[in-house]
Amino acid sequence: MEVLDLHQLHTSALLIEQQNQTLFAKVATDLIAKGYSIQPFALPIDLSNNLVTQVSSMSPQAFVEAGIGRLNKHMHNDFVRRDEICWISGNSEAGAQWLDWTNKLQTYLNQHLFLGLFSFESHFAHYATGSFYKRHLDAFKGQANRVLSVVAYLNPNWQIGDGGELVLYQDELDTQGLNVIPALGTLAIFLSEEFPHEVLPAKRDRYSIAGWYRINASSAGRVDPPR
Ligand code: OGA
Ligand code: MN
């Protein structure tokens, strides 16, 4: 009996790994062709559910008002963004599981795309009703060491009328963009320097994880910490 259970466990772990590899391959193909990849309901179900449980169990005090800009990290600007964030350290089981999954994606992309992804940082974000994040880029050309943005959505039963869409623009000139509904398990992955994007006002509480893979920007005499 125990052998059977272990066998089943082993089989399901293998299945999840296969699903991951299939997903990572789709992401890599998209990144090569377009520089971005939108994958509806793609995050492994167990991971999605654990992250939802985690985020809904966190006290509002765990979230801090988000800042803008790298140089003035402590500058807040209500006009630009109204979300609240909590950096993921891997202390919680769900957080650790997320970091494990993003690490697998990192390994896959490094093996297949030679992006040289070196480290990863991510935070939970809470957009309360009425919150938004105006059009922005996650990294600026030249000085950037954030190379790839990954956003995962944690909202079960998100309805069209709930707002809060991510709008991903092709370039600076694009004014139409591509709308992504922040439904549970959906992933948006894009080159951080290339795609301006915004979050439209949410009409109910909206949760996501935003993360960035960075290249190692260390040079002699200047160490670039993961965060
Ligand atoms: C960000 C961001 C998008 C989202 O945090 O930089 O663009 O949909 N988030 O939560
Ligand atoms: Mn962004």
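The points below cover the metal site, the ligand beside it and one further pocket.

1. The model is predicted, and every value quoted here is computed from it.

2. The manganese ion (ligand 2) has three named protein donors: NE2 of H136, OD of D138 and NE2 of H197. These atoms lie 2.1 to 2.2 Å from the ion. Along the chain the donors follow the spacing H-x1-D-x58-H. H136 belongs to strand β5 and H197 to strand β10, so this pair ties together parts that are 61 residues apart in sequence.

3. A polar side-chain atom of H197 is 2.9 Å from an oxygen atom of ligand 1. For H136 the corresponding distance to an oxygen atom of ligand 1 is 3.2 Å, and for D138 it is 3.3 Å. Ligand 1 exposes 290 Å² when taken alone, and the protein buries 98% of that area.

4. Which elements give two or more residues to the shell around ligand 1? They are the strands β5 (133-136), β6 (146-153), β10 (197-199) and β11 (206-214). Strand β11 provides the largest share, with 4 residues.

5. There are 13 residues around ligand 1, and those that come nearest are H136, Y153, H197, R206 and S208. Sorted by class, the shell holds 8 nonpolar, 3 polar and 2 charged residues.

6. Of the 13 residues in its lining, Q19, A42, L43, P44 and I45 are the closest to the centre. The elements that contribute two or more residues to this lining are the helices α1 (2-34) and α2 (45-57).

7. Helix α1 gives the largest share of that lining, 6 residues. By class, the lining of the second largest pocket divides into 7 nonpolar, 4 polar and 2 charged residues.

Technical notes: Residues are numbered from 1 along each chain as its sequence is written. Chains are lettered from A and ligands numbered from 1 in the order in which they are written. This is a predicted model: local features need pLDDT of at least 70, side-chain atom pairs count only at pLDDT 80 or more; totals for chains, interfaces and linings use all residues. Side-chain values use heavy atoms; hydrogens and water are left out. A residue is near a molecule or strand if one of its heavy atoms lies within 4 Å of it. A polar contact is a pair of N or O atoms within 3.5 Å; within protein, one must be able to donate a hydrogen and the other to accept it, and residues adjacent in sequence count only if both atoms are side-chain atoms. Accessible areas come from the Shrake-Rupley method with a 1.4 Å probe; for residues, only the protein chains shown count as cover. Ala, Val, Leu, Ile, Met, Phe, Trp, Tyr, Cys and Pro count as nonpolar, Asp, Glu, Lys and Arg as charged, and the others, Gly among them, as polar. On a 1 Å grid over the protein atoms alone, a cavity is a set of points where a 1.4 Å probe fits but cannot get out, and a pocket is an open set with protein on both sides within 12 Å along at least five of seven lines; lining residues have an atom within 4 Å of a point. Donors are N, O and S atoms within 2.8 Å of the metal (3.2 Å for Na, K and Ca); water is not among the atoms, so sites may look incomplete.
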